[in-house]
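Visitor: I would like to learn how to read a structure like this one, feature by feature. Could you take me through it slowly?

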Amino acid sequence: MNYTHAFEQIIEQQLARIEKIKKSSEPVDYGKLEKIVIGIIGGDGIGPVITEQAGRVLKEILSEEVSAGKVEFRRIDGCTIENRAASGKAIPDDVLEEIKKCNVLLKGPTTTPRKGDKWANVESANVAMRKELDLFANVRPVKVPELGIDWTFFRENTECLYAMGSQGINVTDDLAVDFRIITTPGTERIARLAYEYAKKNGKKRVTIVTKANVVKATDGKFLDICKAVAAEYPEIETDDWYIDIMTAKLLDEKRRKQFEVMILPNLYGDILTDEAAELQGGVGTAGSANLGTRYAMFEAIHGSAPRMVEEGRAAYADPSSVIRAGAMLLSHIGYQSYADKLFDAIEQCTMKDGKHVITGRPDGATGAELADSILEKVRG
Ligand code: IPM
Ligand code: MG
């Protein structure tokens, strides 16, 4: 292999991507669309089971809009690990085509093959979808009112180690190299979204998280660009932390209440949001929005839990993550009052002393039971 050439190709690819970002369109105004098409992708493992519950909840909430032809639901099959491995593609072409015909998507977890397991080592469907649809912002809210926690993470979703995660080079048996990408427009757009969110929602503080003391070029750029955007929002306090101490401070009961909005490069955001979700009751409770200007995709932040399916426990999997993602979807497409109602119902139904406590096992409630009780609350 000619490594200089491989490196040249990577640089060209990324420079072209930067030009594309610069030319991105304005965000879709859903109010102006004749019809909003919502695609539902089941995914793998427990995915189809929990996504079915979330789909059922959304369909009931939007039933009038569906009857009026303002909203259409489409089921998108085929984004399974079996199909992906067979086609050797992160997302099979026909599935991607269907996805691109939708405006927004609700997606169940999809299995990401690991080096050495039984599946062909295709790229993660999540990562591919984020890149394909240019879903640059991964917005992950975590709330634990009784602990005074109300955080919103803005995780950059297309760059960092994820941009070229499948294109690293094994130079020799002894040397492997991966590439970490941070771009100016890529950082600017996530920072701006975070500050705009803070401004609109009365948040007083935005925290930038990097490891710029060590990773000087890429994290240095991320920090500089975020600070330049911060300067346009003098009414909002900005601070910056390194990812290691930030990870510790999320566990510091006094300090953590002060954090509100966080901006992070992709990988740090991946890790820190799992830690944060654990404080909320586990990754099974957290939903997330993947936002671009043309498309948006809403999903759980956890994996497909194949072991639960193998052990016959899929019906007991917690659907609250995808139902929360569904509430975020409602809010994103302009149905804020439905979203508020649904968030409220989820919060009430998932309280530890609630009627339907999910344990992931037959001693707990099924996902369908939880969805039923959420719908009951929504109906009022
Ligand atoms: C997430 C997941 C994905 C990621 C995996 C499944 C590729 O952990 O959405 O946080 O790393 O982004
Ligand atoms: Mg993750």
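Guide: Let us begin with strand S12, in which 5 of the 5 residues are buried, so S12 is largely enclosed by the rest of the structure. Buried here means under 20% relative accessible area, while exposed means over 50% and partly exposed lies in between, with a 1.4 Å probe and protein chains only. Strands (E, at least two residues) and helices (H or I, at least four) are DSSP runs, numbered from the N terminus.

Visitor: What should I keep in mind about the model and its numbering?

Guide: This is a predicted model, in which local features need pLDDT of at least 70 and side-chain atom pairs count only at pLDDT 80 or more, whereas totals for chains, interfaces and linings use all residues. Residues are numbered from 1 along each chain as its sequence is written, chains are lettered from A and ligands numbered from 1 in the order in which they are written, and side-chain values use heavy atoms, with hydrogens and water left out.

Visitor: Which strands pair with S12, and in which sense, parallel or antiparallel?

Guide: Strands of a sheet pair through backbone hydrogen bonds, either parallel or antiparallel. Two strands are counted as a pair if DSSP finds at least two bridges between them. Strand S3 and S12 (residues 296-300) pair in the parallel sense over 4 bridges, with Val-104 opposite Ala-296 and Lys-107 opposite Glu-299. S11 and S12, by contrast, run antiparallel and are joined by 5 bridges, and a hairpin connects S11 to S12 through 4 residues.

Visitor: Where is Ser-288, and what is its bridge partner in S12?

Guide: Ser-288 lies in strand S11 (residues 287-291), and its bridge partner in S12 is Glu-299. Ser-288 is buried, with a relative accessible area of 0%, and its side chain makes a polar contact of 3.4 Å with that of Asn-138. A polar contact is a pair of N or O atoms within 3.5 Å; within protein, one atom must be able to donate a hydrogen and the other to accept it, and residues adjacent in sequence count only if both atoms are side-chain atoms.

Visitor: Which way do the residues of S3 point?

Guide: In a regular strand the side chains alternate between the two faces of the sheet. In S3 (residues 104-107), Val-104 and Leu-106 point one way while Leu-105 and Lys-107 point the other way, and all are buried. S3 also pairs with strand S1 (residues 36-41) in the parallel sense over 4 bridges, and there Gly-39 stands opposite Leu-105.

Visitor: How should I read helix H2, and which of its residues are buried?

Guide: An α-helix has 3.6 residues a turn, so residues three or four places apart point the same way. Helix H2 (residues 47-61) has 15 residues and reaches 21 Å from its first C-alpha to its last, close to the 21 Å expected at 1.5 Å a residue, the expected span being 1.5 Å times one less than the number of residues. The buried residues of H2 include Ile-50, Ala-54, Val-57, Leu-58 and Ile-61.

Visitor: Which residues are around ligand 1?

Guide: A residue is near a molecule if one of its heavy atoms lies within 4 Å of it. Around ligand 1 are Thr-112, Ser-124, Asn-126, Val-127, Arg-130, Arg-140, Arg-155, Tyr-162 and Asp-270. Polar side-chain atoms lie 2.9 Å from a ligand oxygen atom in the case of Arg-140 and 2.6 Å from one in the case of Tyr-162, while an N or O atom in the side chain of Asp-270 is 2.8 Å from an oxygen atom of ligand 1. Taken alone, ligand 1 exposes 320 Å², of which the protein buries 80%; accessible areas come from the Shrake-Rupley method with a 1.4 Å probe, and for residues only the protein chains shown count as cover.
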